Amino acid sequence: MKLKKQVTVCGAAIFCVAVFSLYLMLDRVQHDPTRHQNGGNFPRSQISVLQNRIEQLEQLLEENHEIISHIKDSVLELTANVEGPPALLPYYTANSSWVVPPEPRPSFFSISPQDCQFALGGRGQKPELQMLTVSEELPFDNVDGGVWKQGFDISYSPHDWDTEDLQVFVVPHSHNDPGWIKTFDKYYTEQTQHILNSMVSKLQEDPRRRFLWAEVSFFAKWWDNINAQKKAAVRRPVPVGEHGRAVGPRMGVRLVGNGQLEIATGGWVMPDEANSHYFALIDQLIEGHQWLEKNLGATPRSGWAVDPFGHSPTMPYLLRRANLTSMLIQRVHYAIKKHFAATHSLEFMWRQTWDSDSSTDIFCHMMPFYSYDVPHTCGPDPKICCQFDFKRLPGGRINCPWKVPPRAITEENVAERAGLLLDQYRKKSRLFRSNVLLVPLGDDFRYDKPHEWDAQFFNYQRLFDFLNSKPDLHVQAQFGTLSDYFDALYKRTGVEPGARPPGFPVLSGDFFSYADREDHYWTGYYTSRPFYKSLDRVLEAHLRGAEILYSLAVAHARRSGLASQYPLSNFALLTEARRTLGLFQHHDAITGTAKEAVVVDYGVRLLRSLVNLKQVVINAAHYLVLGDKETYHFDPEAPFLQMDDTRLNHDALPERTVIQLDSSPRYVVLFNPLEQERLSVVSLLVSSPRVRVLSEEGQPLAVQISAHWNSATDMAPDVYQVSLPVRLPALGLGVLQLQLGLDGPRTLPSSVRIYLHGRQLSISRHEAFPLRIIDSGTSDFTLSNRYMQVWFSGLTGLLKSIRRVDEEQEQRVDMEFLIYGTRTSKDKSGAYLFLPDGEAKPYVPKDPPVLRVTEGPFFSEVVAYYEHVHQVVRLYNLPGVEGLSLDVSLLVDIRDYVNKELALRIQTYIHSQGTFFTDLNGFQVQPRRYLKKLPLQANFYPMPVMAYLQDAQNRLTLHTAQALGVSSLHDGQLEVILDRRLMQDDNRGLGQGLKDNKRTCNHFRLLLERRTAGREVQDGLSTSYPSLLSHLTSMYLNTPVLALPVAKRQLPGPALRSFHPLASSVPCDFHLLNLRTLQAEDDSLPSAETALILHRKGFDCGLEAKNLGFNCTTSQGKVALGSLFHGLDVVFLQPTSLTLLYPLASPSNGTDIYLEPMEIATFRLRLG
């Protein structure tokens, strides 16, 4: 009773405060001093002021209403618990649905109004070039442009350079794919090591030579295999002479130090920008930069991305935050290149859409022509440029397709050859705003033979010497690196490196989707080989979890003086996994565009790293969960915990561990990798349906027990699923105890209905589970929880509509499967290209599906078994994030298809008006417009984590756990390509189709949200943000709870305690991206420092916020790191650049930090 009184008083007090503040606001409106001056005569301006006041008041009332309704929710929750029975057991109601009583602990949702301003946008100037607008206005007409087929004729006057010479930088480079036609190791052995070995000797022959390199993964492998003498030549001064002629008076060379060799970008790979997630993009950048700093003392200054198939604005953001000042991109739609060339916009400041003060600006150079190879880089005419690729001299293995071969440069022909080349340089230069010109000289795996180095360098040097000796030509030509070019451009335009040169445009937006010619859109690779796109994200989630848990375990072990007992050497497993994940971000790996044998090689690496990371997690969890740390003993032969699941090989789906129950209790340790406390349903497989589950304190818990099915109608013998709601601490560990035995009121069986649709099938039964068989029923049916009622078709088993419990009207959310074919003409779909034979046709199964409907207290689900896809739609009966969306998983198997692609379409009544939204790299959201003028395949975009549709009332978000291609081809419709099986190559160099399909599980969450009144969508904004609920839904989907059974042992075992690493909660618009232990001098061991990487998310407050199931508050971007970690002090804290190469401030005693919305910040941290 006492609590009830307190609650009532508290509620009444809050209500009074709200009413009183309204009164004061009204008072403020009435006592407007300007009103009295006019003696009651209202001029028009005063009326508009009053109208504004009334509108403000309406909004304040609305906000107050929201606050009150949240209070009401919490009060109801409290009172329900005051009067409810002490044991909160689910119960079954008369209208045949389960009710789970609310928890004894209510949660609240409190967002400060300032934190809602960001998503409303409207700050700062609009950039001149917004890619969404550019695409809407361009005709995309593909007119024949003459020698530059996709462009136009370029003219100039020889006097254009009379006042300022043309300065030409020719940049020799070699593009090395870490896996494509050959595996990473085979490329290294057969080509890459020879390129880098020759580089050392050939650059030392002449100080004027330059070379550009990008992929640190290859460079690191080479470094591990070369002698000290070679390392010294690259890294620091050595006497010269042994490698050919001495180079004048210089004492020695240091190829990186003297600027002859530039490492551009400095990532582990040159990543794909469509399917990759921002965690992995940052991780591979840190791995590369840390390696370069440690081994070469090098810090990259410029970005170089010549081969990714379209470009995302996430990359310029990350490069800028890593302190790079300039960057280059190449694969952009040919029509956009032509338009930018015509308007002198090929060089621009690339700015993020939310940026109001240009702090995200980075200078970007877009290459103007078809490719990064030599024929397409010296100027507009490939027939002429090819004659200056001296690897193609007659007698070699490759020649010029334009039938005019190169000629070696001699005294006799140098004037004529130099004149021909200069004409191309001048024409190319007219497309840019400055008189500094960049001319890349290279291609895939170039410079792998000493002969090629000689051919290119000797012939070009003769051309340069001739050009530079003729002042009347007004040209200075030389070898250069990428940064040499940018430095010269900044000098010529009179600005600091990285600053905006006068008159250069600002651009925001992205460069998807890419077409290199005709209607050949590279939109197939957004889905190609979805099995590995999914495995990539599983590895990523495990890496993040393992990094955080390892860092915490090591810090706690050091603080307790037990570091010598802890397997610090697990750090080597973390390093290997970072490098595996990094390698797979390569633009022929995660894209699904490598040869089959190479895909197998990637798969084997991914699985090996996944298994290693599970070991790291197990070892850390073992230490952290022990009540008495002194009893910790690491035994690699007998791990304390078992893995949650296993994979038989790299292309198999995971099989969950079955916990064998007997007379002695079994324990399970649960790891929550989220930085928020979490209420989730955890499902475990056990060997008996007679199971009791106890909390850490020994309290019996209510559980839902279900059969485990091998197929539509066959129950697995001796395997059962036990499911229960568990509340887990942020980034922490929980403990459950399982016992054999029945707890009548708490062990609640699921009921099952099977719809056979007239098919004659035998069905296995079990006395523990009520089972109904419906032979021929086809009427629709529903599942429901506390938030919604969901309708399914009795015929197809697929979703039809959703009704929120507080609304009369249901919302159409209709799912169907579709099939795309490919063209009959010569150009067909392949690993890269999507070239459909028209609109998709409905998927028509041979037999009607068998449907299995399971209902229980904590979850209910519908499984529809089709020949090529098994769909599971699950509804959790829990308060908060888990219960507010639908969990959808699709097991896809199209191994018998020929040239077909399987798609999922969701049809709604949302008035989306040709607009839809897709994320970029899980980092930001990009509005998209369906463009009727473009072919169907051009309207597909990458969807790494989400896509949504919205109108003034509703938003429907499809969250995904793996990157896939998505579009909205009609109003109210979202469409996702699930898998593609294609029998032929699409002529982009791969030489294979896509025939190695696997049984693949695609996992989604479907979230329907309502807009709050007065928070309408603003039209024409170039930005859009998920709600906080949407962000959290995505996190729940992508970072599942790990359930690790304690291995069987003689009793009594050590006492286990849950682990709560955080002393205070993290604001719920913050995401802890990583807590990454940094390496010590010895590569295989950890240092005492970690990199703490935080991201403050931008979010939309205009969507109705339900209680999220945990205390969610925001703090205007402030976090007190000093009091964040429980049992650990922050002894050192220093803000740094993204990849830790540059300190941004001196280490401070203060541990309070501040982040702007959307910003990612890295801190060097020592915990003690």
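Mentor: Happy to. Asparagine 921 counts as buried because its relative accessibility is 0%; buried means under 20% relative accessible area, exposed means over 50%, and partly exposed lies in between, with a 1.4 Å probe and protein chains only as cover. The model is predicted, so local features need pLDDT of at least 70 and side-chain atom pairs count only at pLDDT 80 or more, while totals for chains, interfaces and linings use all residues. Residues are numbered from 1 along each chain as its sequence is written, and side-chain values use heavy atoms, with hydrogens and water left out.

Asparagine 921 sits in the loop between β40 (915–920) and β41 (924–929); helices (H or I, at least four residues) and strands (E, at least two) are DSSP runs, numbered from the N terminus. Its phi is positive, about 60°, although it is not a glycine. Aspartate 718 also has a positive phi, near 65°, in a residue other than glycine. Aspartate 718 belongs to strand β25 (residues 715–728), and its 52% relative accessibility is why it counts as exposed. One more backbone detail is the cis peptide bond from phenylalanine 512 to serine 513, with omega near -5°. Serine 513 is in the loop between β16 (506–508) and α16 (530–559).

As background, the chain has 19 helices and 55 strands, and 61% of its 1168 residues are buried. Among contacts between residues at least 6 apart in sequence, 74% join residues at least 24 apart; a contact means heavy atoms within 4.5 Å. Leaving out residues up to four places away in sequence, glutamate 1159 touches Tyr317, Arg321, Ser359, Thr360, Leu1094, His1095 and Arg1096. Glutamate 1159 lies in the loop between β54 (1152–1154) and β55 (1160–1167), and it counts as buried because its relative accessibility is 14%.

The buried ones are Asn570, Phe571, Leu574, Thr575, Ala577, Arg578, Thr580, Leu581, Gly582, Leu583 and Phe584.

The partner to look at is helix α18 (residues 596–625), whose axis comes within 9 Å of that of α17 and crosses it at roughly 145°. Axes here are lines fitted to C-alpha atoms, for helices over the stretch in contact, and angles run from 0 to 180 degrees between N-to-C directions. On the α17 side, the contact uses Asn570, Leu573, Leu574, Glu576, Ala577, Thr580, Leu583 and Phe584. These meet Tyr602, Arg605, Leu606, Arg608, Ser609, Asn612, Leu613, Gln615, Val616 and Asn619 of α18. By class, the contact has 9 nonpolar, 6 polar and 3 charged residues; Ala, Val, Leu, Ile, Met, Phe, Trp, Tyr, Cys and Pro count as nonpolar, Asp, Glu, Lys and Arg as charged, and the others, Gly among them, as polar.

Helix α18 has 30 residues and reaches 43 Å from its first C-alpha to its last, close to the 44 Å expected at 1.5 Å a residue. Because 22 of its 30 residues are buried, α18 is largely enclosed by the rest of the structure.

Serine 217 counts as buried because its relative accessibility is 3%. Helix α7 (residues 216–223) has a helix partner too: its axis comes within 10 Å of that of helix α9 (residues 278–295), crossing at roughly 35°. There, Val216, Phe219, Ala220 and Trp223 of α7 make contact with Gly288, Trp291, Leu292 and Asn295 of α9. That contact divides into 6 nonpolar, 2 polar and no charged residues.

Methods:
The expected span of a helix is 1.5 Å times one less than its number of residues.
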